[in-house]
Amino acid sequence: MTTETKGPSQPLTERTAWKALQAHFPAISGAHMRALFRDDPRRGERMAVEAAGLYLDYSKNRATDETMRLLLQLADESGLRERIDAMFRGDKINVTENRAVLHVALRAPMGDTILVDGKNVVPEVHAVLGKMTRFADAVREGEWLGYTGKPIRNVVNIGIGGSDLGPVMAYEALRHYSRRDMTFRFVSNVDGTDFEEATRDLNPEETLFIVSSKTFTTLETMTNAHTARSWIVGKLGQHAAVAKHFVAVSTNAEEVEKFGIDTANMFEFWDWVGGRYSMESAIGLSTMIAIGPENFRAMLAGSRAMDEHFRTAPFDKNLPVLMGLLAIWYNDFFGAETIAVLPYEQYLKRFPAYLQQLTMESNGKHVNLAGAKVDYQTGPIFWGEPGTNGQHSFYQLIHQGTKLIPCDFIGFYQTLNPLGNHHDLLMANVFAQSEALAFGKTVEEVRAEGTPEWLAPHRVFEGNRPSNTILAERLTPEVLGKLVTLYEHSVFTQGAIWSIDSFDQWGVELGKVLAKRIVPELEQSSAELQHDSSTNALIRRYRKYRKSD
């Protein structure tokens, strides 16, 4: 294993730039954005970058030119450039699983060469894309028929984690471009209610299930898949119907065939694509059926444009790098524990939920690449809701609460659904909220409005609450690809500087193992319990009342 794969040899907190940032922090922590903007009238134009069709205004951050210089120095000292090159080269930078990290290969153009173990993976990617295209066209054009000869009108994706969150988010984000004469549903929760509600009003003769599981053994996914198979067989009366109403996204041909799916209808993906980075692989088959192959390829092109920007742009003009560095600034120096992502676009209502897995499964790590416990904070908590809904719920805490919550506002110059002045009102709120967070309202301004003295403290806004604003022309498949990839590479930037493995997820394993152990203990009341006293008591209580169902 190379030193490059292991990360920088010098611990993060001993790097020159880190120590310089610690020394710099007291001066910045006491400075207000009102003063920063007053002293630099062009700050709003200077601290902005436009690239790959996105505009990033990062001027409303508690940072000066010196702050940014030191953060960029930290990126250099942390070997960020070398880490970027290693990823795009196909090095096995997922050290705990000894895997390459090549979601960038999913959108590489034909003719590129990206090697894994000496093999160019780009032709395989395009072969799967071609197979997806032929299948999606057949479904969309009514050529793929169900068991009784009817065309498919309903598509249900069964997956969990990255096999669900990406397709759900992409479908909702690109619903404007989707086939409106088709129904798309998504089942992920092992709670039977999820399956029941997703299929309640569907005609099984016209329903296709896409079962997305790399191993075809994932407990939740396969539980739902077997329920779907029973539903189809029960409604259509023949086990042979399974082959016409199920396809698989998997690498386990044996299990797929055992389930009853023709392996000719199995779509491959690879262990060098992590689940939370897989929405543009065959995991996106439901997306392609919904929006069509041409729009799906436009999304890939958008991601590729951001890939190239991240790979080649100098760090001081590099959107993902700048966002990643600012996230570290707040997480590790200000002690901010969360980041709010606030898309002012209803179609992006699932985007914050998608980012939760992308960011927190990637960087929720407590040891570095060498396995040593870190002595600094890693992954912040990501959350959010679309504007303007959030303004009438949690914005109160962001504006006047005691917690510092950096925000990312996402807006568009043009709406996909022009209705009167709706979009101007929406975008007015984007600009107003970031302005209010930055500058607030002083007690003198409150008094000047005639507010009684006893009420004045309640109406003061401290301001100095940081935010980024990201703008694009309109929400297209291409722009969605750019936004997703922007955050992918911001996460990468943070992980590289923290010297952690952003591409494994061992933290999800223990609960799954224990759940498999507990299942038979719930089903067999005579099973001996050997857990802690709390878990034992909970299981006994469940057994007791479960019988009354």
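Modeller: Helices (H or I, at least four residues) and strands (E, at least two) are DSSP runs, numbered from the N terminus. This is a predicted model, where local features need pLDDT of at least 70 and side-chain atom pairs count only at pLDDT 80 or more, while totals for chains, interfaces and linings use all residues. Residues are numbered from 1 along each chain as its sequence is written, and side-chain values use heavy atoms, with hydrogens and water left out.

Colleague: How far apart are the end C-alpha atoms of helix α16?

Modeller: Helix α16 covers residues 351-363, which makes 13 residues. At 1.5 Å a residue the helix should span 18 Å, and the model agrees, because the end C-alpha atoms are apart by 18 Å.

Colleague: How many residues of α16 are buried?

Modeller: Buried means under 20% relative accessible area, exposed means over 50%, and partly exposed is in between (1.4 Å probe, protein chains only). Among the buried ones in α16 are Phe351, Tyr354 and Leu358. The helix is mostly covered, and of its 13 residues the buried ones number ten.

Colleague: Is Thr359 buried or exposed?

Modeller: Thr359 lies in helix α16. Its relative accessible area is 3%, under the 20% limit, so Thr359 is buried.

Colleague: Which residues does Thr359 touch, not counting residues up to four places away in sequence?

Modeller: Contact means heavy atoms within 4.5 Å. The buried residues of α16 pack against α8 (162-173), β10 (338-343), β11 (381-383), β12 and α21. For Thr359 itself, leaving out residues up to four places away in sequence, the partners are Gly364, Phe382 and Val491.

Colleague: Now the holes. How many cavities of 30 Å³ or more are there?

Modeller: On a 1 Å grid over the protein atoms alone, a cavity is a set of points where a 1.4 Å probe fits but cannot get out; a pocket is an open set with protein on both sides within 12 Å along at least five of seven lines, and lining residues have an atom within 4 Å of a point. Grid points are joined across faces, edges and corners, and a volume is the space filled by probe spheres set on the points. With a limit of 30 Å³ or more, the cavity count is five.

Colleague: Which element gives the largest share of the lining of the largest cavity?

Modeller: That cavity holds about 120 Å³ of space. Of its 16 lining residues, the closest to its centre include Met323, Ala327 and Asp408. The largest share of the lining is four residues, from α15.

Colleague: What is the volume of the second largest cavity?

Modeller: Its lining includes Leu106, Trp270 and Glu280. Ala, Val, Leu, Ile, Met, Phe, Trp, Tyr, Cys and Pro count as nonpolar, Asp, Glu, Lys and Arg as charged, and the others, Gly among them, as polar. That lining has seven nonpolar, one polar and one charged residues, and the volume is about 50 Å³.

Colleague: Which element gives the largest share of the lining of the largest pocket?

Modeller: This pocket has a volume of about 1100 Å³ and is lined by 39 residues. By class they are 13 nonpolar, 16 polar and ten charged. The largest share, six residues, comes from α22.

Terms used: The expected span of a helix is 1.5 Å times one less than its number of residues.
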